[in-house]
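Visitor: I would like a close look at one part of this assembly, namely the place where two chains meet. Please describe what each side brings to the contact and how the two copies are arranged.

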Number of protein chains: 4
Amino acid sequence: MLNFASDYTEGALPEILEALLRTNLEQLPGYGDDVYSKRAKEKILKACGCPDGDAFLLVGGTQTNSTVLASLLMPYEGVICADTGHIACHEAGAIEHQGHKVITLPGKDGLLLPGELEHYLTSFYADDTYTHMVQPGAVYISYPTEWGTVYSLDQLKALRSLTEKYHLKLFVDGARLGYALAGPSCDLDLPVLAVLCDAFYIGGTKVGALCGEAVVFPKGAPRSFFTTVKQNGALLAKGRLTGVQFDTLLTDDLYMRAARHALNMAEELKQLFRDEGVDFFMETPTNQQFVTLPNPALEKLKEHVLFSMWGAPGEEKSVVRFCTSWATTKEQLESLREYLHAALH
Amino acid sequence: MLNFASDYTEGALPEILEALLRTNLEQLPGYGDDVYSKRAKEKILKACGCPDGDAFLLVGGTQTNSTVLASLLMPYEGVICADTGHIACHEAGAIEHQGHKVITLPGKDGLLLPGELEHYLTSFYADDTYTHMVQPGAVYISYPTEWGTVYSLDQLKALRSLTEKYHLKLFVDGARLGYALAGPSCDLDLPVLAVLCDAFYIGGTKVGALCGEAVVFPKGAPRSFFTTVKQNGALLAKGRLTGVQFDTLLTDDLYMRAARHALNMAEELKQLFRDEGVDFFMETPTNQQFVTLPNPALEKLKEHVLFSMWGAPGEEKSVVRFCTSWATTKEQLESLREYLHAALH
Amino acid sequence: MLNFASDYTEGALPEILEALLRTNLEQLPGYGDDVYSKRAKEKILKACGCPDGDAFLLVGGTQTNSTVLASLLMPYEGVICADTGHIACHEAGAIEHQGHKVITLPGKDGLLLPGELEHYLTSFYADDTYTHMVQPGAVYISYPTEWGTVYSLDQLKALRSLTEKYHLKLFVDGARLGYALAGPSCDLDLPVLAVLCDAFYIGGTKVGALCGEAVVFPKGAPRSFFTTVKQNGALLAKGRLTGVQFDTLLTDDLYMRAARHALNMAEELKQLFRDEGVDFFMETPTNQQFVTLPNPALEKLKEHVLFSMWGAPGEEKSVVRFCTSWATTKEQLESLREYLHAALH
Amino acid sequence: MLNFASDYTEGALPEILEALLRTNLEQLPGYGDDVYSKRAKEKILKACGCPDGDAFLLVGGTQTNSTVLASLLMPYEGVICADTGHIACHEAGAIEHQGHKVITLPGKDGLLLPGELEHYLTSFYADDTYTHMVQPGAVYISYPTEWGTVYSLDQLKALRSLTEKYHLKLFVDGARLGYALAGPSCDLDLPVLAVLCDAFYIGGTKVGALCGEAVVFPKGAPRSFFTTVKQNGALLAKGRLTGVQFDTLLTDDLYMRAARHALNMAEELKQLFRDEGVDFFMETPTNQQFVTLPNPALEKLKEHVLFSMWGAPGEEKSVVRFCTSWATTKEQLESLREYLHAALH
């Protein structure tokens with residue numbers, strides 16, 4: 001069965017498994033105090049140009065969003081995001097479970113546009129009753145977004161300017177960060193991102209790691225963040241598991257190389273859809289592509305290929321997502337082309 | 001200063017203060033175990049036609065919504081409401097503070113229409129990823145709504161039918177319940193309401209009490225609800241304070257008489273607006289009326305009359321709310337007419 | 001039935017009911033923005049010698065403890081208290097419901113002694129694993145305690161010194177504050193208390209109000225505390241209810257006079273127990289007295305007098321609590337003497 | 001540096017890394033829907049003799065305790081445990097963060113004895129005010145305990161009998177389960193454990209996995225537990241990571257063989273301490289041994305060997321913990337003997 005359902009269908013980059021094997025019997029302290037975790041954090045902070053910041057290695061995306069936001073928000077504050085934001089939709093209410101409202105604003109192709117944010121904030125504070133409402137405390141964006149789209153540097157700067165003006169924290173969900181930064185048209189990099197936001201993470205799980213998300217607080221972590229991580233069940237006893245992985249990912253540019261491969265495969269995937277006359281629902285510069293396919297074709301295709309339904313199916317046609325990853329091969333794309341052709345004709 | 005800002009600008013109905021005075025020095029047990037609280041609950045359950053149900057006397061509206069929903073929802077569940085629902089807007093995130101998402105659907109004039117609810121529920125369960133999302137656990141409606149509108153019996157039945165089909169609890173915020181039930185066109189009453197929902201409350205604060213909301217669970221309260229009330233800081237040591245008030249409100253139909261007076265005053269208020277050519281933003285059968293007034297007129301009016309801004313002010317005109325209550329007098333309406341006339345001309 | 005079960009068995013001081021009656025039909029803004037609430041707060045801050053502090057009027061004790069601690073603690077912090085502390089025992093887990101651990105230390109007659117606190121704190125930070133534990137964030141004491149005992153000024157200063165050294169907030173539960181401060185042997189007053197702690201409250205419910213606790217933040221309230229109050233369901237729409245009461249309590253020294261009466265009655269109660277040869281379990285300088293009585297005598301006494309069982313009953317004897325209050329009369333004490341004598345002989 | 005600080009100082013059992021390598025490029029669905037996770041769960045339920053139960057694979061211990069208890073408790077309920085229970089001490093308040101009180105009872109060598117539990121429960125319900133307190137909802141025990149001790153079958157049966165009588169859930173933290181079950185004197189096994197409790201887990205992290213805890217609900221999982229796992233950030237996108245590991249651990253008795261090795265090493269460790277005349281603070285049948293050593297000896301030993309301080313250091317002597325694991329070698333024990341001898345003499 002061919003699988004384009006997501007970018008987490010394989011295990012890990014070979015370099016990562018090799019490193020885990022190589023270090024397996026070393027006796028190391030737990031809870032992130034091992035040499036690999038420390039080295040990984042140093043490399044991360046260096047790559048981000050913020051050696052005085054703090055880095056932490058967590059396990060998964062929802063966990064990271066939930067734990068970081070819990071540390072950035074006061075109990076009376078909520079977090080603003082686009083209505084398509086992962087925290088608003090597919091995290092089973094993890095943020096509300098922390099006690100915080102997710103304040104959703106209408107998004108545009110997955111993006112929270114600065115104009116929309118400004119409109120909300122000015123209206124909010126113009127309302128006499130605002131002290132009776134959840135106070136905005138942070139802005140959450142995903143980069144790239146859940147729709148595979150990417151903020152421009154200007155958009156990010158405009159968001160930053162607003163969050164500064166209104167004393168909000170800016171948090172960037174980088175579960176697929178590599179797939180944005182490695183794009184040829186991307187006009188920012190890790191150090192620029194570090195300047196622009198209060199916290200972000202370099203997603204490992206979806207860019208070649210077995211698990212792991214590297215959180216960066218460019219200006220320093222909230223007080224007792226280690227305890228917050230523990231309290232949220234996000235601390236690995238064998239911290240080496242994420243330490244070794246990120247140490248490897250940050251060596252010889254492996255993270256970005258893996259992401260670049262996925263983007264190259266995505267370009268071929270897009271061409272393949274175009275060749276077959278498939279309608280794009282959302283054509284993106286990243287590794288996720290959203291297309292609209294007739295339901296009968298989807299049924300046929302399902303016999304050989306896995307992909308993701310996006311929302312509830314339509315009556316005649318449905319939106320589906322295809323992902324490439326660091327592990328996608330040209331052979332897989334060729335097979336997809338054949339199955340797709342057969343399904344459509 | 002004339003005050004039409006809300007229905008809680010005066011103290012209490014004279015009968016209530018008299019009863020508090022009369023019983024003041026009686027020695028009574030605390031925490032709702034006094035004879036007045038018990039009698040009030042009996043009268044309430046009798047009036048609702050559910051003698052085997054349970055009633056509890058809480059203090060305020062936000063507290064009641066938050067405490068009751070905490071008892072109806074499992075931690076992984078959220079509550080559905082119209083986007084204008086009080087719990088979604090003006091309760092400072094009390095529901096999220098309990099750990100639950102407020103799932104907002106587009107409302108129509110403050111109402112959550114059955115079609116909208118059905119659309120949401122069918123789409124939700126048709127989505128492959130629904131176990132990754134907050135599970136719907138209850139539906140919240142306010143009756144009357146925050147816009148002063150009122151569900152018809154048919155609408156309520158349709159909502160009930162959906163909540164049964166999808167195993168959801170139906171909770172009715174009755175902070176202003178009297179102002180709906182006492183209306184001449186209202187086609188339901190307490191016993192019908194008790195049949196249709198899992199929990200509702202008879203709002204005291206806004207219908208003539210100093211404080212107090214009487215929660216009714218027609219089919220019996222969730223287990224240990226008393227402890228839940230205590231845990232949420234909603235248990236009065238001197239339970240007599242709400243006990244005496246509701247005992248009085250349920251005597252000689254005082255609650256409904258007080259509400260009816262407010263509705264009569266609201267009819268005169270509407271006529272007064274019509275006479276002055278004021279545009280209604282929302283004309284309602286209850287004690288809240290929403291009108292659009294030019295900003296200069298509002299400025300003038302503000303010198304003599306208090307009213308509520310509704311949302312952020314507009315550039316030229318703004319929406320404002322005027323409320324009547326059990327305490328509104330014809331003299332106050334006459335004064336309002338004069339100030340309004342002067343402000344508009 | 002004679003009732004010594006608690007200090008909240010009557011309604012309110014007559015002066016309070018008169019004030020509620022007198023102001024009943026005044027039209028006042030809601031949510032504490034009325035003139036009485038404002039005046040009450042001013043009087044309170046003046047009485048506490050901290051005009052630049054902040055005061056808030058909440059409704060009940062558990063609610064106040066829970067809301068204030070929620071505003072003082074970070075999510076990873078807990079609150080330290082004596083094992084007999086109200087928040088540790090009789091608040092149904094309200095603090096844990098806010099997400100915070102209650103860290104209990106062995107108390108002495110209800111008091112958290114400075115030595116015990118210091119031992120805990122030095123041990124805590126000497127433990128290598130302390131970042132894996134709940135971080136101490138605040139110290140809670142009740143004054144007077146649940147056992148009716150009272151901290152000396154020296155003890156309070158020693159606690160304060162420790163909380164400053166370890167960067168902890170000091171919060172004083174003053175649900176029965178008057179019954180401590182009005183005592184002839186009490187060596188502190190409101191201004192001294194205000195200097196020594198970060199937050200405390202002047203309990204109304206148990207000292208003659210229908211409801212209401214006046215929270216004082218001598219150095220200013222935590223940011224957005226108003227919203228925190230709302231979020232916790234502790235904001236009255238008719239804020240006048242607590243405003244008028246505290247305005248009255250702070251007029252002509254009514255609060256302290258009411259407390260002093262209770263203490264005078266408590267002295268007579270103690271003498272009465274001594275006269276009858278009853279064993280004190282805890283003899284206190286405040287309005288609560290704990291005595292040990294044989295179970296058969298308790299059974300007889302119960303036919304005529306209400307009192308509080310303290311913990312589970314013993315096999316032969318049980319500990320019970322008798323309270324006096326602002327409303328206790330000499331006649332009631334005389335009746336108690338007779339019933340007690342009859343029950344014991 | 002020799003490391004006896006814990007049983008998580010190495011990576012994973014070689015068989016596990018081999019399996020991860022072997023399956024690395026297979027394309028598998030995420031979130032536990034892969035063939036390895038499914039097979040692991042089947043094997044686990046079969047080994048536990050409860051094929052109709054439910055199994056879930058989570059990541060770490062604190063996370064598992066917190067997530068499972070959140071699913072077993074109602075919001076007004078707390079969990080009872082020994083005062084040395086991991087959830088009471090070293091989980092940074094994760095349970096309170098879920099809103100639940102941890103009710104600690106005095107333990108005996110880490111064990112919660114049935115008599116202590118019974119005393120608490122009978123006292124609790126004999127107290128008139130029990131509805132004002134946190135309601136007991138579950139009992140938590142760790143097996144083996146934090147002190148390396150092990151409940152006998154009779155003790156477990158007695159605890160079970162009490163939890164049934166009082167309608168409490170019984171939850172067993174098995175972070176080190178293998179180290180109890182593999183002991184020669186252990187009188188219970190997985191199927192017996194499954195009969196006796198409502199939920200338990202087979203700890204992977206400390207018995208040879210990189211990460212992973214296998215939760216078993218012998219009588220079926222709480223409703224929507226999958227969503228609860230997601231909400232708590234405990235769901236791996238690459239569920240294969242824990243799936244492959246537990247599939248391997250449950251193959252050819254690997255889990256028990258690994259545990260047995262650690263116990264054999266622990267016997268040699270104990271002999272070594274005896275040979276050197278070291279005082280046991282707690283001598284246990286499992287892989288954790290607690291000894292008391294003079295501080296100067298500890299200082300010398302620290303130069304070559306890592307171990308865990310247990311609590312704050314004493315003035316002259318301190319309690320320290322030495323652990324063996326699946327990876328401990330005879331050579332390491334020999335080195336330890338030499339360093340210890342040198343440090344003591």
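Guide: **The interface of chain A and chain D**

The contact draws on 46 residues from chain A and 46 residues from chain D, where contact means heavy atoms within 4.5 Å. The model is a predicted one, in which local features need pLDDT of at least 70 and side-chain atom pairs count only at pLDDT 80 or more, while totals for chains, interfaces and linings use all residues. Residues are numbered from 1 along each chain as its sequence is written, chains are lettered from A and ligands numbered from 1 in the order in which they are written, and side-chain values use heavy atoms, with hydrogens and water left out.

Between them, chain A and chain D bury about 4000 Å², and carbon and sulfur atoms account for 56% of this. Buried area is the accessible area (1.4 Å probe) that two parts lose on being put together, summed over both. On the side of chain A, the residues that lose the most area to chain D are Gln27(A), Gln231(A) and Lys238(A), which together make up 19% of what that side buries.

As to polar interactions, the interface of chain A and chain D has 30 residue pairs in polar contact (both at pLDDT 80 or more). A polar contact is a pair of N or O atoms within 3.5 Å; within protein, one must be able to donate a hydrogen and the other to accept it, and residues adjacent in sequence count only if both atoms are side-chain atoms.

The side of chain A that touches chain D receives two or more residues from each of strand 1 (2–3), helix 1 (14–22), helix 3 (61–72), helix 5 (94–97), helix 10 (225–231) and helix 11 (240–249) of chain A. Helices (H or I, at least four residues) and strands (E, at least two) are DSSP runs, numbered from the N terminus.

Finally, the arrangement of the copies. The same surface serves both copies, as 100% of the contact residues of chain A recur in chain D.
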